[in-house]
Amino acid sequence: MTLLESGQLYERAQTCQIWDEPVEFAPTRQFVYLATTLIRELGEMADSNLWRDTVRLLRTCRRNVCTVPLPYCSPELQLSEAGERLLAWTDGIRGIITPDQMDLVAATAAALSRLAAEDCDPLGTSARDFLTLDALDKGILVVTSRQHAEAVKRTVAPGKGGVRIGTYADLQGAEVFSSAALVGPPSWVPPRLLNSPRAHYLAVVHHDFFRDNPEVKPLFSSTFGDAVASRGVARNVERSKPRVFRSSYMSEPPTRETRMVDAEPLSEGECSPVEEILAELRHESARQGVEATAGPAIAAQVGVLAERSHVLLPVESDVRILSVDVLAEPGHRVEQVPASSVSHGNFLALRAQSYHHDLVSRADALLGSDAARLRAVQTTWKRQLGEQAQRHPGGIAGVAADIRRLGATTANISYWTSSWCIRTRSQADFAVVMRYLGRGQEASAVWQDLSRIDNAHRRAGHRSADSLEQALTPQLLVQLMQSGWSKVTLPGDAGPTIIARLDDFLPGIHHVPAHLLCSLRALKESG
């Protein structure tokens with residue numbers, strides 16, 4: 001972005017008008033309330049073999065009705081099929097689950113089937129009405145995922161080519177729109193999109209049952225009460241009264257038992273792909289015989305990629321990832337960077353396993369028959385240091401203080417005991433650590449072994465980066481710029497590498513095992 005464009009952006013921010021546009025539709029509220037109640041009451045049982053597929057189905061349906069501006073009877077949403085599956089599943093588990101669970105599942109299935117028969121589209125209608133206040137071809141309808149973008153475009157403006165469907169990433173460049181309608185939970189909207197708007201008129205369209213903790217300072221200032229989201233935005237947002245849509249079949253308003261009252265709000269994560277990603281991670285860990293909490297828990301965010309997959313990126317960590325600069329000169333486009341440093345707009349090279357685990361596999365191939373012995377040497381000194389930290393009354397800080405008193409210039413115990421550390425940066429510091437562990441006489445030999453591993457990692461990293469650099473043909477770079485992602489297969493690789501733009505982060509910080517960071521996570525949808 002040029003200095004002139006930045007100046008125009010700040011000038012526009014002073015005049016942009018932003019509205020909060022909630023909608024209310026009783027059948028949606030009823031289904032969401034029942035599905036949410038069921039999932040909450042199941043708790044950890046939601047991950048069991050009995051419930052996992054059904055809960056995934058309900059989460060998918062709940063996410064779609066809350067975020068996709070399409071009529072509920074639309075075949076793309078598959079709500080009718082989901083209702084039939086849920087009813088069939090209910091018939092097959094009679095006598096297996098409790099009577100209360102049976103009643104709640106049956107009520108949820110009935111509510112979903114009724115919703116699937118509705119041709120109403122509250123989110124899409126409100127978004128379209130807002131955009132048509134101005135020239136439709138000068139506006140943009142922003143959705144949370146590109147999955148249903150084509151169907152949304154056909155519905156919002158049938159027979160017209162002017163309407164543009166985008167995601168949050170499309171409101172982060174230099175392009176300015178006359179109007180923008182952002183569809184989905186308000187707390188998902190990155191504050192920067194409201195603080196530095198790329199539109200003259202902007203509306204956030206969402207179902208009215210999204211609420212946050214009333215103790216948290218609200219994002220939207222409401223004339224009518226009911227704070228809607230709670231992440232810091234330094235702009236005034238005018239909140240309209242909820243626009244009520246009438247059901248074709250539900251003549252009576254929902255009873256208190258089928259309403260989502262303010263005391264039981266939907267949290268920002270309960271409609272998010274995050275919940276399904278984390279559930280799948282727990283399932284993978286259980287299948288491998290490993291607890292989901294095994295290993296060091298690392299604070300991470302869920303990044304949204306342009307090709308609709310996701311990636312867990314650390315908030316603070318030394319773990320590395322391959323970044324691709326599509327505008328750099330040949331030979332300088334691929335770089336190893338700290339995964340905690342990447343931001344929206346960066347292109348990342350990702351595989352099914354993390355970059356670190358990929359490097360370990362490549363390095364072991366270079367080490368040959370000696371790899372197992374060398375890895376055992378690496379594991380042993382780190383495990384012993386970790387055990388010292390567990391036994392020490394002062395924990396990690398106590399061990400760090402001891403090592404510094406013995407003469408070490410650094411004492412990064414957390415990193416040294418992490419899965420991606422090979423050795424300390426300084427040989428002198430390593431000698432101090434080995435002396436502290438009672439293995440001072442072995443320090444030189446162990447350092448030489450660890451140096452072999454470090455050298456193999458560096459060689460593997462350079463080869464991987466060089467292979468990726470050579471794959472970046474002019475045609476591929478154009479494709480990356482236009483679509484935001486591409487797939488390549490590098491020499492010697494069993495699987496593909498996805499190069500994708502990081503569009504944004506989903507709300508929330510999540511603590512996950514370190515080995516799950518920086519690998520491609522495809523959302524496993526029901527259906």
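Helix H15 (443-471) makes the greatest contribution to the lining of the largest pocket, supplying six residues. The model is predicted, so that local features need pLDDT of at least 70 and side-chain atom pairs count only at pLDDT 80 or more, while totals for chains, interfaces and linings use all residues. Residues are numbered from 1 along each chain as its sequence is written, and side-chain values use heavy atoms, without hydrogens and water.

**Terms**
- On a 1 Å grid over the protein atoms alone, a pocket is an open set of points with protein on both sides within 12 Å along at least five of seven lines, a cavity is a set where a 1.4 Å probe fits but cannot get out, and lining residues have an atom within 4 Å of a point.
- A volume is the space filled by probe spheres set on the points, which are joined across faces, edges and corners.
- Helices (H or I, at least four residues) and strands (E, at least two) are DSSP runs, numbered from the N terminus.

**Largest pocket**
- The largest pocket has a volume of about 980 Å³, and of its 29 lining residues Arg320, Tyr415, Arg425, Asp454 and Arg458 are the closest to its centre.
- Elements giving two or more residues to this lining include strand S10 (320-324) and helix H10 (355-367).

**Second largest pocket**
- The second largest pocket holds about 520 Å³ of space, and among its 30 lining residues Thr144, Ser145, Arg146, Pro273 and His310 lie nearest its centre.

**Cavities**
- There are four cavities of 30 Å³ or more, and the largest cavity has a volume of about 50 Å³.
- Residues lining the largest cavity include Ile321, Asp358 and Cys518.
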